[in-house]
Structures are given as C-alpha cells and as structure tokens.
There are 2 protein chains.
Amino acid sequence: MMVRARASQAGYPSRNLHGQIVHAIGRQILRGDLRPGEPVPVQRDLPASRTALREAIKVLAAKGLVETRPKTGTRVRTREAWNLLDPDVLAWRQAGAPPRPFLRSLTEVRNIIEPAAAALAAKRARAADIAAIERAYRDMEAAMPTEAVADVTPFVEADTRFHAAILQAGGNDILEQMSRVVYAALRVSLEATSRIPGSARASLPRHRAVLDAIRARKPRRAAEAMQRLVHRIARKVDVIPRRVGRGNLRHVETKDTKSKRRNDSTVKPRPTSS
Amino acid sequence: MMVRARASQAGYPSRNLHGQIVHAIGRQILRGDLRPGEPVPVQRDLPASRTALREAIKVLAAKGLVETRPKTGTRVRTREAWNLLDPDVLAWRQAGAPPRPFLRSLTEVRNIIEPAAAALAAKRARAADIAAIERAYRDMEAAMPTEAVADVTPFVEADTRFHAAILQAGGNDILEQMSRVVYAALRVSLEATSRIPGSARASLPRHRAVLDAIRARKPRRAAEAMQRLVHRIARKVDVIPRRVGRGNLRHVETKDTKSKRRNDSTVKPRPTSS
DNA sequence: CGTCAGAAAATAGTATTATCATATGATACG
DNA sequence: CGTATCATATGATAATACTATTTTCTGACG
C-alpha cells in the first residue's frame, strides 16, 4: 500500500566522484586528522579536477565544516560552527573516534526528549498515528530474536519505527527531526543492545506500556512509561561491548561499571555525578 | 576578554553568486513555491552560468532539500528528507510563511530541553561555565530596557547568551547544538517578547533563580526554575503581534475560502489542545 | 495478436580543461 | 609608517566530452 520510498536516501550520495571526496574529507575532519585551524588538502593528493574538488568543498561548507576565503584558502572551521545535527556529520562522527562518550550524549538526549514526546503523542495523536505505533509494536513482537533466530536487524528496524512513530505523532516537526537524527546514529548501538540475550524480550512489555498509555490518551502515564523504557536502555549502553569490529571484543568491566569513569576522549574533566 | 569570534558566520555566505542562488531557491522551497514533487528552475530564469547553478544545487542537496538524478533532473525532495535543523533551512523557513505554528513548535522544544539542560548544568558545570552564565546574567541586568531606553537588542543578546551558556555547561554537545539552532531561530521572537513593557524586568528574577540553583548545584531546583521561566515565555508567544512586516496579507478571497484551505504548513488537522 | 526482453536513443547530470576576474594577504618601496 | 604592488587562491564562465538512467523502439516468443 505504501510506496516504499526507496529507503529515503539517508545521507549525501557517495556515488559521484565529488560525493566520494565529500565523505573522505568529512571523515578526516570529524576524525580529527584535519584540525580546526588550517589546511584542507585542496589539491595535490586527490586525483580529481578542480571543479570536482570545488563542489565537494561547497557541500562541506554547507554543513559548516569548512570555510573558504580568497587567498587564505579553504580552512576547517572551529567545532562550534559544525552542523553536528547533520546526518552526514553525525555519521562521520561515529565512524571515527571512540564512540563511548558520543553514545552517552545521544542517550542523554533521548532521555530528555522521548518522554516528553510520548506525552505529546498521547495528547495529539490521530487515529492513523496510533495505528502506525501499534503496527510497529506488532512487528517487534513478530521479529523477536530468539536463541534460534539470531538476526536482530528486523527487530531493531521495528523498534526504531516504534519510536519514530511516537515522535511523529507528537505533531512537532522540529522534535521529530531531532529524534530522526538521533535515531539514525543510535541504530548501531540499538543492534548491540538487542543482541544481549533476553534484552529484546524484556523490553517488550515496556514498549507495550507506552503504547497503551498513548492509546488511552494519558500523557503523564505515557511519559512515565517511556522514561522507564529509555532509562533501561541508558543503563544498557554502558554494557555494550566496545568495538565489535575486528576481533577484540573483550567483555571487560565485569566488576563494576559504576566506578570505572574513564571518560574516553572528553577534553576536560567534568564533575560527572552519576 | 573574549575574541569576539567574527560573529561566527551563522549561515551559508550569500556574498558569492552561487550563495545568492542558494538562498533564493532555498527560500522558494521553504515558502512552498517549489513543491516537493518536481522541478527546480535549473536554468532559464537565473542569469548565471551553469557552474554557479551546479554549486548552488550541491549546497541544497547537502541540506537534503533537493535530489539530482540523471534524466529525471533536479527535484525537490519530500519534506521528510529536509534537514530542518540546518541553520539555513531554519532561517528560510521562518522567513516565509506564517510563523505562528513554527514558533509554537520551537517553544515546545524549549520547554522540553531547557529544564533538563539546566539540571545537567547544575550537575556538571565547571567554574568557567558558571562564570559565563553569571556574566550573561549581569549583562542582562545592565541592558535592561526601560521606558527611556527602547532598544531591546542588547538585552536579547544577553538573554540568548544566558541560555546558551547553560546549555553549554551541560557538557553534551548534541544538546548544545540543538539549542543553538533553536535559539538562532528564536532570536526574532525573543525581541518581540522583550518589547512587551515590563516583560524583561519581570523575567529577571526567574533567570536569577536558575543561576542560583546551578551555582548551588541543585539539579532539581534548577530544572524547576528553568521550567517556570520558560513556561512564562511560552504563554507570551501567543501574545506576540502577528507579522509586523509589510502589510500585504489581505483576506481578499472571501468567496472560496473553504476550498482555499491554506492550512499553513500542517498537512492534516490535529487535535491541538489549546 | 499481445506481451515481454533487450537494444538503442534521448536527456540531464558529471567531469575535465582552460581562461579570466577578484579579493586579500604579504612584501617592498617611498 | 603608510601605501603600492604582487602573488595566490578562490570565484566565475565557457566549451566539450562522458556517464548513467529513463524511455522508446523493435523483435522474438508465447
């Protein structure tokens, strides 16, 4: 019944030459290889024409990453100017660098906006909105990963859709956009948490509670239910094996995560009270 | 004391030719002149070279507004794909179209994230952060508009800085970025609310309460104080004079108003509880 | 005779090269 | 010490060839 919408084309297309350059330089900047002060390898290295470079630079400038001026050349802007909420920038950011503090930021944001969004949804959802939420919930039930079925992807997909539907039901498109961004980045970690045995099954009732509250049009109850759900996830984030990548997923920190404050790459120490 | 930072260059520079094209087309899209379905006036009208157009299109594509494909041409993407949190997109959005529902969305978001951010600030602010907040507060006191001094700009500037400093003190850069965006768009309306006689003076004690709570490191108190402050603003938003600009919004079409439907930017009616 | 597959054509963006203009930082000269 | 000049990197335009994708045409097969 739906058009499927060609997967909605998340980021900037890397199919073109200049698109590839965009992603290459973008990653370099976000990874820190190109420092906010000075250069951009605007020629030499790349085996491309000046125009291709130019277009790539324009795209990066549109995302606030670089700034071009005559004579001075193209320089990386200071971090404050970066458009951190841009889908591409977000993707580049989590592609490089230790993801831990970044993940913490994201979950923190979720903790803030999701309960409020659930309350809004309970107040304002239309029939179609509620139907969408319910559909996502049923898909979660159906896609529940078991010992036999290890593939968590469809479950994560439904999970994401569940939250997205709630955000959408709130009828505030700024908020919706924010969470869309957050979710795009969080998807990876969701897969991680869902992979933890029993985690998916345990989260279902909590999702159910949120759905019921919204359906019953009880804003406060919806917010509280969502808060429980999302707090639970927040706790899980600290348990995610770090870097599932090439073969060193050590399950460290079995003792107590609470005292292990190792703020991976934060610049200055901050009195984090947890 | 500070570097002043060259006004930080908010949006995409319009000084260049292609920059002007970017802003022109961007406004057209956000205003609704160019519908999400089809065309982009990729040639004809504009008295510019192909390359300039191309670069402008690339910038717009980077913000998710358009999509280019061979044969099909350059088309405006569906609203879901737009990067609504992009500073430029936000600016274009509020430049055209009735700002009312948009403003409501923004205030709603503020109501959600600011109290939480204040709590975070109370937990994690470093000495320098608190100093920045305090400085902004004192500047607000100093710039207080009176009957004699009608210029509210410096007050608004300090006000904005106050909130920005709190967000920054939270130590969550995603959150900080969100509010930076929100504030850029809200600045205009802040000027409006501040212009209401006595409003600025009345808001001072509430700001003070927030500052004190953060300084005392009382997260809950900070959140509550901020909530009171920001709720107050929310009420004011409904009082802002609507569109002081060039007065050509006539209600001429009295004949077929019901078919005109106009529905500002929302697609379907929603049970807004107002 | 109709339907489907594959080839060819048409089209719009993509890429390269070349040339000139303009702004700005640095340097040298008065 | 101020100003003029020069060098340089981006900005702008134009000409040209390539590439990918949609559409259409054609032909074969059922």
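Predicted model: local features only at pLDDT ≥ 70, side-chain atom pairs only at ≥ 80, totals over all residues.
A polar contact is a pair of N or O atoms within 3.5 Å.

**At the DNA**

A polar side-chain atom of A:Lys58 sits 3.2 Å from a phosphate oxygen of DNA strand D.

| Side chain | Atom on DNA strand D | Distance |
|---|---|---|
| A:Arg50 | base nitrogen | 3.1 Å |
| A:Lys58 | phosphate oxygen | 3.2 Å |
| A:Thr74 | phosphate oxygen | 3.2 Å |

Both chains supply elements that give two or more residues to the surface near DNA strand D: helix 2 (50–62), strand 1 (66–69) and strand 2 (73–76) of chain A, along with helix 1 (17–31) and helix 2 of chain B. Helix 2 of chain A contributes the most, 3 residues. By type, the residues of this surface split into 5 nonpolar, 7 polar and 7 charged.

**Between the chains**

Turning to the protein partners, 57 residues of chain A are in contact with 58 residues of chain B. Together the two chains bury about 5,100 Å², and 54% of that is on carbon and sulfur atoms. There are 8 salt bridges between them; A:Arg79 forms one with B:Asp173, where the closest N and O atoms are 2.9 Å apart. The chains also share 18 residue pairs in polar contact, both residues at pLDDT 80 or more. On the side of chain B that touches chain A, helix 4 of chain B provides the largest share, 11 residues. That side is made up of 25 nonpolar, 12 polar and 21 charged residues.

Key
Residues numbered from 1 in each chain as written. Chains lettered and ligands numbered in written order. Heavy atoms only, no water. Contact = heavy atoms within 4.5 Å. Buried area = accessible area lost by both parts, 1.4 Å probe. Salt bridge = Lys/Arg side-chain N within 4 Å of Asp/Glu carboxyl O. Polar contact = N/O pair within 3.5 Å; in protein donor to acceptor, adjacent residues only side chain to side chain. Helix = DSSP H or I, 4+ residues; strand = E, 2+ residues; numbered from the N terminus. Nonpolar A, V, L, I, M, F, W, Y, C, P; charged D, E, K, R; others polar.
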